Amino acid sequence: GCLESVLPQERDDPGPLGGIDGFLLDAVQREQLVAQLPLPPIIFVKTAKTGSSTITNILHRVGDWRNLTSLLPANNITLRVSSTGRPSGTVGVLCNNSGRVRMRRHADMIVNHAIYHRKGMHSVVDRSHAVPRTFVLTVLREPASRFESWYNFAPPSVTKCDKYGSNIEQLFNDEGIVGPINHQAEFLGWQRFAQEHGLNVSEPLAAERWINSTLEEFDLILLTDRLEEGLVTLRHALNGSIAAQELCSVRFKDQASTGVTISACLTNRESERVPTGATPRSQYVSLNDAQKARVRAINAVDVALYRAAASRFAARWRSLARSSREEVVDLRACNEKLRRACGQGGRLRTTQCPRALRTDNSPYTQHLKHRLAATLCHQNLR
C-alpha cells in the first residue's frame, strides 16, 4: 500500500552513495561510520541562490542512507511556517492498506526552504535525549554575486530577463533594482524581528543587534565563495560523523560535461541563444562594478549580515589544523572526478555518478516521502 520510490532505476545500488569507484563509500563503510559516529539533529536554513541546493543534496543523501527523517514540505520546495514559528511539513503518512495515519514525533533534519524561527524549528527536531545537541547552519552569499545568480536563474518573467536579457543597465534605468531586497536576512528572520520591534527593515544600523544575536544561534554559517572550505569545516564541527566522501557533489547549475554555468536567462531568449563553443563569459549575465555597488547599496542589511558572517568564518577557518587545507584539495578533486563522470552518460552515470548525486532537491524530497511511507507503513515507530 506504500508508494514506489522516484529513484527506481538504481534500486540495486548499495545506497544513495552507491558506485564501484573507491572515492565513494560502500555499504560496509557506511554502516561502520553510522555505528561509531551518530549524527545530531540538523537544521539547515536553506537560503535562495546561494549554492544551497548543493548543500541540501548532500544533507538529503546523508540522512537518506542513515534512515533519518526530514521534515518534508507539501510542495517539495518550501516549508510553511505557522504564527508560532513552527514549520509544517510531512512527518507522517497515510498507510493505504490500513487507512491509518502513522506519525513520527520528531524529524531528524530540516533542510528545505523555510524562514528561520529558533523556537519553532527546534520544537520539530529537538529531543531531550539527543546527544549531541541540534546543529544549526546556513549559507550566505555576497549580495551582488547573489543578484547575478537570481537574475540568471530565477524565472525570466520574474527577473524581467525576458524583456532585458543581458542589458542590465537598461533594466536598472527603467525599473530600478528588481528582485527581493535583503532576501538572505529575510530567510534568517530579519523582517519578523524588525516588525516586532518597529525597526526599518532596510537600515543596517537598526539590524546590527539582530545580526549579532542571530549569528550566535548558528553553529556554522557557510559562504558560497568558500563552499569547499565550509564543507570541510562542517565535517570537523560534527566530529567526523559525516565522511569526507559524502561531501562530494555535482553543482546543478553547471553543465555536467564542462563545468560551465549556463544562464537560464540567456538560453530562454531566442535572440540570445548561446552558440556552440561559446566562451563561459558569454553564457552568464554579469554585473559591472558600478552595478554591483548599486545592488549592495539597496541590500545594505544583507551586506552587513554577509560581512559579519564572513569575518566569523575566516577566524574559524584559521583555527583549523593545516590538514584541513589538504581535505579541501581532496574535495575539489573528488568534485572534478564526479563532474567528469556525470558528463559521460551511459555506464559511468550509473556506476560512478549515482542517480542520487544528480537528483535536484524537489524530486529528492519526493523520494524521501516515499521512503518515509515505506518505513512507517511496514516498520514499528521509533
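User: Ala, Val, Leu, Ile, Met, Phe, Trp, Tyr, Cys and Pro count as nonpolar, Asp, Glu, Lys and Arg as charged, and the others, Gly among them, as polar. How many residues in the lining of the largest cavity are nonpolar?

Analyst: This is a predicted model, where local features need pLDDT of at least 70, side-chain atom pairs count only at pLDDT 80 or more, and totals for chains, interfaces and linings use all residues. Residues are numbered from 1 along each chain as its sequence is written, and side-chain values use heavy atoms, without hydrogens or water. A cavity is a set of points on a 1 Å grid over the protein atoms alone where a 1.4 Å probe fits but cannot get out, and lining residues have an atom within 4 Å of a point. In the lining of the largest cavity, 3 residues are polar and 2 charged, while the nonpolar ones number 8.

User: Which helix gives the most to the lining of the largest cavity?

Analyst: The lining has 13 residues, and among those closest to the cavity centre are Pro-143, Arg-146 and Phe-147. A helix here is a DSSP run (H or I, at least four residues), numbered from the N terminus. With 4 residues, from the range 143-153, the most comes from helix H4.

User: Which helix provides the largest share of the lining of the second largest cavity?

Analyst: Thr-54, Leu-227, Glu-228, Leu-231, Ser-249, Arg-251 and Asn-335 line this cavity. By class, 2 are nonpolar, 3 polar and 2 charged. The largest share, 3 residues, comes from residues 227-237, helix H11.

User: What is the angle between the planes of Trp-190 and Trp-210?

Analyst: Rings of Phe, Tyr and Trp (its six-membered ring) pair if their centres lie within 6.5 Å; planes under 30 degrees apart are stacked, over 60 edge-to-face and the rest tilted. Trp-190 lies in helix H9 and Trp-210 in helix H10, so the pair ties together parts 20 residues apart in sequence. Both are buried, meaning under 20% relative accessible area with a 1.4 Å probe and protein chains only. The pair is tilted, 5.3 Å centre to centre, with an angle of 45 degrees.

User: Is the pair of Phe-313 and Trp-317 stacked or tilted?

Analyst: Phe-313 and Trp-317 are 4 residues apart in helix H14, about one helical turn, and both are buried. Their ring centres are 6.5 Å apart and their planes at 10 degrees, so the pair is stacked.

Methods. 1 Å grid on protein atoms, 1.4 Å probe; cavity = no way out; pocket = protein on both sides within 12 Å on 5 of 7 lines; lining within 4 Å. Helix = DSSP H or I, 4+ residues; strand = E, 2+ residues; numbered from the N terminus. Buried < 20%, exposed > 50% of the residue type's maximum accessible area, 1.4 Å probe, protein only.
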